Amino acid sequence: MEEKLQTLQWLLLRVRIIVEEAEGRHIANQAMIYQLSILRKEMYRGYYILDSFRSQGHGEDKTEDLGVSHTFSLSKFNPAKRLFLSFGDTNVEKEVERVLNNLNIIIVDVSEFVTFLKNYPPLYRQPYSMHLFLDRCMFGRQMEFARIMNFLMQTEPPGRESVQVLPIVGPIHVGKSTLVSHVCSHERVRSLFSQIVWAGEDNLANQSLNFKGNVHVSKHRDSVSSEKAAMLIIIELSEDNDEATWRNLYLAYADHISTGSKIIITNRSSKIVEFGTTQPLVLSYLNPEAFWYFFKVLTFGSADPELQPELVPIAMKLSMGMNQCFIAANMIGGLLQSNLNVQFWRRAVKFAGLHVQANTFRFGESLNALLRRNRPVYLQRMTSNDYCVILDNYETNFDDKEVPKITFLDVLYGSVECLGRTEVLAWRSRIPPYRNHICSCEIQKPQSMAIPRTDPKTTVTPPYLL
């Protein structure tokens with residue numbers, strides 16, 4: 001079995017070299033983009049299996065000794081959980097053999113891909129590194145990026161007067177705004193449209209068409225273009241809107257913009273699919289294999305995980321408990337990267353387990369589900385028995401001058417004292433649209449913690465007193 005794992009590691013390294021080289025180049029061919037997505041998928045799957053198997057022999061029992069072995073467990077119906085439980089029986093050998101066969105086929109068929117790859121210019125001048133690449137680009141959305149680019153680059157057939165509309169649907173924090181922002185920052189998009197305008201919920205209420213006013217946020221304006229040049233309008237909706245409201249807005253826009261203009265509309269609800277003139281783009285959270293690769297690169301940075309065998313299973317256990325949440329991955333990944341100490345990491349996973357356990361027991365929902373619904377959550381501080389209660393979480397623009405100086409990690413894992421309700425910086429995105437994620441929280445003693453937004457007489461008992 002060990003020989004198969006070494007072969008798997010060697011094949012994964014070869015595929016990784018090709019993938020990282022390709023991601024550092026500007027590929028325009030759609031067939032190559034599709035082939036690259038297949039390479040990524042098998043690479044993520046291979047590393048997930050390899051790291052999962054080796055985690056069984058490095059420190060897994062020690063993380064269970066901390067009393068959090070069940071806290072970060074996934075549902076038995078989750079394929080990632082079934083894979084994790086299958087180690088120790090014959091299923092794992094079949095899984096390894098299947099991935100080995102797939103990778104061997106890919107390696108044989110990839111020679112032409114590598115040859116054509118040399119014809120495409122590099123994206124960056126500096127030496128390419130995957131963990132630095134995450135600071136510049138959105139992870140795991142290359143196919144979706146290409147789909148939006150195709151929509152924007154399509155020319156209108158003669159005689160067509162209607163404005164083309166692309167609906168993008170997906171749950172909260174899946175990356176709809178981030179994906180569209182990446183597309184809008186592309187040189188080809190900026191050269192094609194004289195103006196890129198973002199519109200929100202307020203525009204549905206007043207149907208304002210003053211693109212030079214404050215109601216719309218202009219991300220790009222070509223000063224030399226005429227007023228009748230093609231425009232790109234991004235409409236972000238967070239609530240359900242009926243068809244009549246959308247039709248009125250659409251007609252108002254369509255009558256005032258020139259031929260060749262495009263509209264992208266984003267929403268959490270699938271109802272906006274009816275508003276599109278083309279097939280919708282549906283976004284979902286990353287699968288566990290891709291998310292684990294992202295979190296591992298983010299957490300270890302320039303450090304080699306192979307030289308830190310005791311840290312990999314701890315990071316993997318944390319990854320399995322995040323429900324593919326990018327914000328949690330960036331926050332926890334940054335914390336762990338700052339201290340590559342196995343004792344610190346074990347303590348971090350212990351407290352993460354207590355956080356999930358306490359909120360799930362009290363509210364009957366996972367920690368991420370509560371945060372995504374903007375419900376209060378209770379997190380025990382590492383340096384004391386006090387609790388940090390998150391009362392609200394929201395986003396602000398990157399250039400907002402009122403960004404809190406205190407970070408959420410300072411409060412949760414440090415010794416910073418906060419009096420009353422305090423705004424803290426949870427995370428600051430380094431990629432477009434450069435949002436600040438803010439938490440409104442307060443410190444409460446463990447004896448009696450009132451639950452906001454529910455019954456004020458209800459109290460929460462700390463998990464160690466349950």
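Among contacts in the protein chain (heavy atoms within 4.5 Å) between residues at least 6 apart in sequence, 76% join residues at least 24 apart. The model is predicted, so to speak of its terms: local features need pLDDT of at least 70, side-chain atom pairs count only at pLDDT 80 or more, and totals for chains, interfaces and linings use all residues. Residues are numbered from 1 along each chain as its sequence is written, and side-chain values use heavy atoms, with hydrogens and water left out.The chain has 466 residues, of which 50% count as buried. Buried stands for under 20% relative accessible area, exposed for over 50%, and partly exposed for values in between, with a 1.4 Å probe and protein chains only. The accessible surface of the protein chain is about 22,900 Å², and carbon and sulfur atoms hold 51% of that surface. These areas come from the Shrake-Rupley method with a 1.4 Å probe, and for residues only the protein chains shown count as cover.

As for secondary structure, the protein chain has 18 helices and 12 strands. Both are DSSP runs numbered from the N terminus: helices are H or I with at least four residues, strands are E with at least two.

I turn now to helix packing. Helix H2 (residues 30-55) packs against helix H8 (residues 142-153) at an angle of about 160 degrees, and their axes are 10 Å apart. Axes are lines fitted to C-alpha atoms, for helices over the stretch in contact, and angles run from 0 to 180 degrees between N-to-C directions. H2 and H8 are therefore roughly antiparallel to each other. In these terms, angles under 35 degrees are roughly parallel, over 145 roughly antiparallel, 65 to 115 roughly perpendicular, and the rest oblique. The crossing of H2 and H8 is left-handed; that is, the near helix is turned anticlockwise from the far one by less than a right angle, whereas clockwise would be right-handed. On the H2 side the contact is made by Gln 30, Ile 33, Tyr 34, Ser 37 and Arg 40, and on the H8 side by Gln 142, Met 143, Ala 146 and Asn 150.

Glu 23 is in helix H1 (residues 2-23) and is buried, with a relative accessible area of 7%. Which side chain makes a polar contact of 2.6 Å with that of Glu 23? The partner is Arg 40. A polar contact is a pair of N or O atoms within 3.5 Å; within protein, one must be able to donate a hydrogen and the other to accept it, and residues adjacent in sequence count only if both atoms are side-chain atoms. The side chains of Glu 23 and Gln 142 are likewise joined by a polar contact, of 3.5 Å.

H8 also packs against H9, at an angle of about 55 degrees and with axes 10 Å apart. That makes H8 oblique to H9, and the crossing of the pair is right-handed. H8 contributes Glu 144, Phe 145, Ile 148, Met 149 and Leu 152 to the contact, while H9 contributes Leu 179, His 182 and Val 183.

Next, the backbone. Most residues other than glycine have a negative phi, and most peptide bonds are trans. His 173, in the loop between strand E1 (164-169) and helix H9 (176-184), has a positive phi near 60 degrees. His 173 is partly exposed, at 27% relative accessible area. Gln 324 is not a glycine either, and its phi is positive at about 55 degrees; Gln 324 lies in the loop between helix H14 (311-320) and H15. Where is the cis peptide bond with omega of about 5 degrees? This bond joins Pro 432 and Pro 433, and Pro 433 is placed in the loop between strand E9 (422-428) and strand E10 (435-444).

Not counting residues up to four places away in sequence, Ser 319 touches Phe 291, Trp 292 and Phe 295.

Ser 338, by contrast, counts as exposed at 59% relative accessibility. Its place is in the loop between helix H15 (326-337) and helix H16 (342-363). A polar atom of the Ser 338 side chain lies 2.5 Å from the backbone oxygen of Leu 335.

Arg 268 lies in the loop between strand E5 (262-267) and strand E6 (281-282) and counts as partly exposed, at 45% relative accessibility. Leaving aside neighbours within four places in sequence, Arg 268 is in contact with Val 169, Gly 170, Pro 171, Ile 172, Lys 176, Leu 237 and Ser 238.
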